[in-house]
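User: I have a model open and would like to talk it through with you. Could you take my questions as they come?

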Amino acid sequence: MLAAVAAGTYAVFPKPVDSTAAFTTIDGRRIALSDLGGRIVLVNFWATTCGTCLAEMPELIAIYRQYQPRGLEVIAVAMPYDDLQQVRQYAAKQALPFPVVFDQGGALARDYEQVQVTPVTFVIDPSGQRISKTVGVINFAKLRAFLDASLPAGRAS
């Protein structure tokens, strides 16, 4: 059973997201989902103690750099059991180009279907529907195919 969960899923199941939901980054910026209207938002729950999470970060960075100009936003949410200083150090050392949030108190994890394990990744469409949940490693080929089909053509770096 655990192997099946670890293999990850990429299922489409529309579910509305609270458009007033907001993230506060580790550098104090506030990002409201309502401010990201018209963009596809990938919310990745991760931890510095999660080897799988750290292994997929370089590909998340590449996806962000390629698709951000076309309308993708990535928000990396560090779990409440992580250490804030380690999150800050990792984000700086890896020069993470997307917003990094520390979920102090766990409210975000609770709001996103009671996330307790990592990595877990949600995709929210431009209309604010949560359309995908991946538990475990992201299938980056499927994600790229989805982004190519969903985002306007344009310069992908």
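Predicted model: local features only at pLDDT ≥ 70, side-chain atom pairs only at ≥ 80, totals over all residues.

User: What part of the contacts comes from residues 24 or more positions apart?
Analyst: Such pairs account for 72% of the contacts in the protein chain, when contacts with a separation of 6 or more are considered.

User: Which residues have the most contacts inside the largest nonpolar core?
Analyst: They are Trp46, Leu72 and Phe98, in a core of 31 residues. The elements giving two or more residues to this core are β4 (40-46), α2 (51-67), β5 (72-78), α3 (84-93), β6 (100-102) and α5 (140-150), and α2 gives the most, with seven residues.

User: What does Leu72 touch, leaving aside its neighbours within four places in sequence?
Analyst: Leu72 is in contact with Arg39, Ile40, Leu42, Ile63, Tyr64, Tyr67, Leu147 and Leu151.

User: Now α5: which of its residues are buried?
Analyst: The buried residues of α5 are Phe140, Leu143 and Leu147. Seen down the axis of α5, these buried residues fall within an arc of 60°, so they line one face of the helix.

User: What do they pack against, and what is on the face turned away?
Analyst: The buried residues of α5 pack against β4, α2, β5 and β7 (120-124), while the face turned away from them carries the exposed residues Ala141 and Ala149. At the start of α5, a side-chain oxygen of Asn139 comes to within 3.2 Å of the backbone nitrogen of Ala141.

User: Switching to α2, is Glu56 buried or exposed?
Analyst: Glu56, which lies in helix α2, has a relative accessible area of 4%, and because the cut-off for buried is under 20%, Glu56 counts as buried.

User: What surrounds Glu56, not counting residues up to four places away in sequence?
Analyst: Glu56 touches Asn44, Pro119, Thr121, Gly136, Val137, Ile138 and Phe140. Taking one of these, Glu56 and Ile138 are 82 residues apart in sequence, yet their C-alpha atoms are 7.7 Å apart in space.

User: Pro119 is in that list; what kind of peptide bond joins it to Thr118?
Analyst: Thr118 and Pro119 are joined by a cis peptide bond, with omega about -5°, and Pro119 lies in the loop between α4 (107-111) and β7. As background, most peptide bonds are trans, and most residues other than glycine have a negative phi.

User: Which residues go against that on phi?
Analyst: Ala95 is one of them, with a positive phi near 50°, and Gln114 is another, with a positive phi near 60°. Ala95 lies in the loop between α3 and β6, whereas Gln114 lies in the loop between α4 and β7. At 45% relative accessibility Ala95 counts as partly exposed, and Gln114 is partly exposed too, with a relative accessible area of 47%.

User: Which cysteines does a disulfide join?
Analyst: A disulfide joins Cys50 to Cys53, with an S to S distance of 2.4 Å, and the count of disulfides comes to one. The torsion about the S-S bond of Cys50 and Cys53 is about 80°, so the disulfide is right-handed. Both Cys50 and Cys53 are buried.

User: Last one: where is Thr25, and what does it touch beyond residues up to four places away in sequence?
Analyst: Thr25 sits in the loop between β2 (22-24) and β3 (30-32), and counts as buried at 5% relative accessibility. Beyond those sequence neighbours, Thr25 touches Ile31, Pro99, Val100 and Val101.

Technical notes. Residues numbered from 1 in each chain as written. Heavy atoms only, no water. Core = buried A, V, L, I, M, F, W, Y, C linked by side-chain atoms within 4.5 Å. Buried < 20%, exposed > 50% of the residue type's maximum accessible area, 1.4 Å probe, protein only. Contact = heavy atoms within 4.5 Å. Arc of directions from axis to C-beta. Polar contact = N/O pair within 3.5 Å; in protein donor to acceptor, adjacent residues only side chain to side chain. Disulfide = S-S within 2.5 Å.
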